[in-house]
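Morning, everyone. Please have a look at the model on the screen, and then I will walk you through it.

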Amino acid sequence: MKKLFILFAFLIIGLSSCQKVYVSKLRIQQAAIDDQKIQDYMKANNITATKDASGLYYKVVTPGTDPKPIITSTVKLTYTTEYLNGISIGKIDGATARLNTFVGAIQAGVPKIGTGGRIILIVPSGLAYGEADHGGIPANSVILYTIDLDGFSN
């Protein structure tokens, strides 16, 4: 009986690791698809942006003042969100929360500007809402944020 239990445990572990590899491959494939969409968008709209290690593309429009917020700062943001085809998702005016509560792209982008700064983020789906629908935003959506940092405190 003990041998069966051990065999069953190894089988479960083996299958779960296969699933993780499969999911990782899907995420890598989606990241490549997203990156191509972003490249095409930037070329079509004559946009020059910087790609950071996370895959996020950003363009600092206005740097703002020093110092800059950190991940644990409470930030006040005004931002618009849209799809790459220009369809608006929405506008948020004066959202105040800890930076680490926002989606990964905002967490990565906002520390690049100071108070009064503006940044454009072109966001692969993995740094936005990923492979799940979110409040009407379809899974694997590439998102464009235009963010103004109205202020922050540490």
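Predicted model: local features only at pLDDT ≥ 70, side-chain atom pairs only at ≥ 80, totals over all residues.

I will take the sheet, then the aromatic residues, then the charged pairs, and end with one alanine.

Now look at strand 3, residues 74-83. On one side, strand 3 is joined to strand 4 by eight bridges, and the two run antiparallel. Strand 3 is also joined to strand 6, this time by 10 bridges, again antiparallel.

Thr74 has Arg98 as its bridge partner in strand 4. Val75 pairs with Ala97 in strand 4. Val75 also stands opposite Phe152 in strand 6. So much for the partners.

What connects strand 3 and strand 4? The two form a hairpin, with four residues between them. Find Gly86 in that turn. Gly86 has a positive phi of about 90°.

Next, the aromatics. How many aromatic pairs does a search of the whole structure find? Two. Tyr79 pairs with Phe102. Their ring centres are 6.4 Å apart and their planes are at 80°, so this pair is edge-to-face. Where do the partners sit? Tyr79 is in strand 3, while Phe102 is in the loop between strand 4 and helix 2. Helix 2 covers residues 104-109.

Tyr145 belongs to strand 6, residues 143-153, and Tyr79 to strand 3, so the pair ties together parts that are 66 residues apart in sequence.

Tyr79, Phe102 and Tyr145 make one aromatic cluster.

One more ring before we move on. Lys112 lies over the face of Tyr58. The distance to the ring centre is 4.6 Å.

Now the charged pairs. Side chains of opposite charge can pair when their charged atoms come close. Here, a search of the whole structure finds four salt bridges.

Arg27 and Glu131 have their closest N and O atoms 3.0 Å apart. How accessible are the two? Arg27 is partly exposed, because its relative accessible area is 48%. Glu131, at 48% relative accessibility, also counts as partly exposed.

Back to helix 1 for another pair. Asp35 forms a salt bridge with Lys51, at 3.1 Å between the closest N and O atoms. Asp35 is in helix 1 and Lys51 is in strand 1, residues 50-51. They are 16 residues apart. Lys51 has a relative accessible area of 44%, so Lys51 is partly exposed.

Then a pair within the sheet strands. Asp148 and Arg118 meet in a salt bridge, 2.6 Å from N to O. Asp148 lies in strand 6 and Arg118 in strand 5, so parts 30 residues apart in sequence are tied together. Arg118 counts as partly exposed, because its relative accessibility is 34%.

Last stop, Ala49. Where is Ala49? In the loop between helix 1 and strand 1. At 21% relative accessibility, Ala49 counts as partly exposed. The cut-off for buried is under 20%. What does Ala49 touch? Leaving aside neighbours within four places in sequence, Ala49 is in contact with Met42, Tyr57, Tyr58 and Lys59. Tyr58 is the ring with Lys112 over its face. Also, Ala49 and Ile120 are 71 residues apart in sequence, yet their C-alpha atoms are 8.7 Å apart in space.

That is the tour. Questions, please.

Methods. Residues numbered from 1 in each chain as written. Heavy atoms only, no water. Phe/Tyr/Trp six-rings, centres within 6.5 Å; stacked < 30°, edge-to-face > 60°. Lys NZ or Arg CZ within 6 Å of the ring centre and 35° of its normal. Pairing = 2+ DSSP bridges. Salt bridge = Lys/Arg side-chain N within 4 Å of Asp/Glu carboxyl O. Buried < 20%, exposed > 50% of the residue type's maximum accessible area, 1.4 Å probe, protein only. Contact = heavy atoms within 4.5 Å.
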